[in-house]
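Here is a short briefing to read alongside the model.

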Amino acid sequence: MATATGETSLIRFPLFLTLMTLFLQPCLSSVSQSKTSHEFSIKEATVQDLQLAFERNQLTSRQLVEFYLGEIRRLNPLLKGVIEVNPDALFLADEADKERKAKAPGSLGGLHGIPILIKDNIATKDKMNNTAGSLALLGSVVPRDAGVVAKLRKAGAIILGKASLSEWAHFRDSGAPSGWCARSGQGKNPYNLSADPCGSSSGSAISVAANMAAVSLGTETDGSILCPSNSNAVVGIRPTLGLTSRAGVIPITPRQDTVGPMCRTVADAVYVLDAIAGLDYDDKETIIASKYIPRGGYKQFLKPNGLKGKRLGLLKNFYFSFDNGDFDHLFSALRQGGAVLVEISDASKFFSVYSSKENYEGIAMTAEFKLALNSYLKDLVVSPVRSLKDVIAFNNKFSKLEKIKEYGQQLLLDAEATNGIGKKEKEALINLAKMSRDGFEKLMKDNKLDALLLLKSDSFILARGGYPGIIVPAGYDSEGVPFGLCFGGLKGSEPTLIEIAYAFEQATKIRKPPSFKH
Ligand SMILES: *[C@@H]1O[C@H](CO)[C@@H](O)[C@H](O)[C@H]1NC(C)=O
Ligand SMILES: *[C@@H]1O[C@H](CO)[C@@H](O)[C@H](O)[C@H]1NC(C)=O
């Protein structure tokens, strides 16, 4: 979810970390057991590579899960991208292997035998906890799998474990650093261990970047898929609101929450999207949005020539300057692929639509969070906390009892102080809708754009209107920290965005595995 505050970078326990790194260095440099029979390499393998290896009997799901569990044991003490592993992962792998032997290849689901890591705010009805990183929810029992998890299981995926996150999807306290939660501590950016991993889906990004899982799921309310994908050289898709079910996800606000894939390649992310998109009667928004899903799904849009004829909006002289070498070669690649870059000369006029004295998004979200969270907590079968009020009381008690560092909970307190959707909130909602209409929607239509080029900090443009976006690795800064280029479009434009993102990725191939440097 929620807010991706990318700016705070905080190194806790620096001495401890240094010792830890010294201790880990020899292990990190030693070659891990990633080759199976016939020298198939699991590291960096795509979903398609893995499925081909299954088919050719070069790999089993058990070997694959054993590899990832080994990498989690080796890397996670440093990176803290994983909060829990599924105690049943090897059992599920054996089941997948048996099923593959027994069934015809064409009859298996699209992610059959593929291990996936799920952000720890998405419920799984198994031995794992669903806590949003908070100690307050440990031991709670969910009524059922989240809608997207039910679809993943149907597609044959193996739920490998839960990914860490900024606690409460960064809705605990704006002073809490990105990637931190009380349950697993501070997640680390594998490209520069001193850098911000960004959040709130930090663990999902960290873990796929470092090959601790094949693919992963994150959630976004405003920037929480796009920003960590940006900072960890991962492809992230934030789907149109309601294209993927939010049922069983610890919410911020149903008006903005969306669940999406975070993977090493566009194709992997699209395979995951195909598995999770669609109708779920436990989330009414999916009834509206599922009409956007094309017959035959999204795979058909993975076209190498997908940039041809696409009109891409470029907000000139705002974030991107034509003099900026970092972006120049990216723009060339887009043009060489056949895209038309449409310069928006009045970028500041566009952004001024979104500026206001009041923080309308904050006002709406704060009230909506209380309603949505209380309803989630009430639905649990067993839970130590049943309301936002209980969560706040737990945090107060816990920080007194324990000696570990805890951050404040101002956002939770602000939310508790709200009282439903009143006059102030209604006014905020009207203004948010107007911003999207007069801003993004108008810009796209007036300029006949297929997509607008965006950076991670522009996530609010997509978030407030429930629009989709795909971010693709686009480069590394002078400190080795990755950045991405995001393509944003109108509702239901995933087919077009996938064509653009895939062709851009194939033309540039910028992602490389992380180096674990400081
Ligand atoms: C879930 O949390 C409980 C503590 O309440 C812990 O004992 C258990 O190991 C956790 N489950 C997993 C799969 O880690
Ligand atoms: C990592 O980032 C820090 C600042 O956060 C910087 O001082 C350091 O040089 C960077 N490391 C590399 C390898 O670029």
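Buried means under 20% relative accessible area, exposed over 50%, and partly exposed in between (1.4 Å probe, protein chains only). By that rule C227 is buried, with a relative accessible area of 3%. This is a predicted model, in which local features need pLDDT of at least 70, side-chain atom pairs count only at pLDDT 80 or more, and totals for chains, interfaces and linings use all residues. Residues are numbered from 1 along each chain as its sequence is written, chains are lettered from A and ligands numbered from 1 in the order in which they are written, and side-chain values use heavy atoms, with hydrogens and water left out.

**Cysteines**

- The structure holds one disulfide (a pair of cysteine sulfur atoms within 2.5 Å).
- Its partners are C198 and C227, whose sulfur atoms are 2.0 Å apart.
- The torsion about the S-S bond of C198 and C227 is about 105°, so the disulfide is right-handed.
- C198 counts as buried, at 1% relative accessibility.
- C263, at 0% relative accessibility, is buried, and C486 is buried at 1%.

**Ligand 1**

- Around ligand 1 (a heavy atom within 4 Å) are E84, V85, P87, K127, N129, L138 and G139.
- The protein covers 51% of the 360 Å² of accessible area that ligand 1 has on its own (Shrake-Rupley method, 1.4 Å probe).
- A side-chain N or O atom of N129 lies 2.3 Å from an oxygen atom of ligand 1.
- For E84, a polar side-chain atom is 3.4 Å from an oxygen atom of ligand 1.

Key. Polar contact = N/O pair within 3.5 Å; in protein donor to acceptor, adjacent residues only side chain to side chain.
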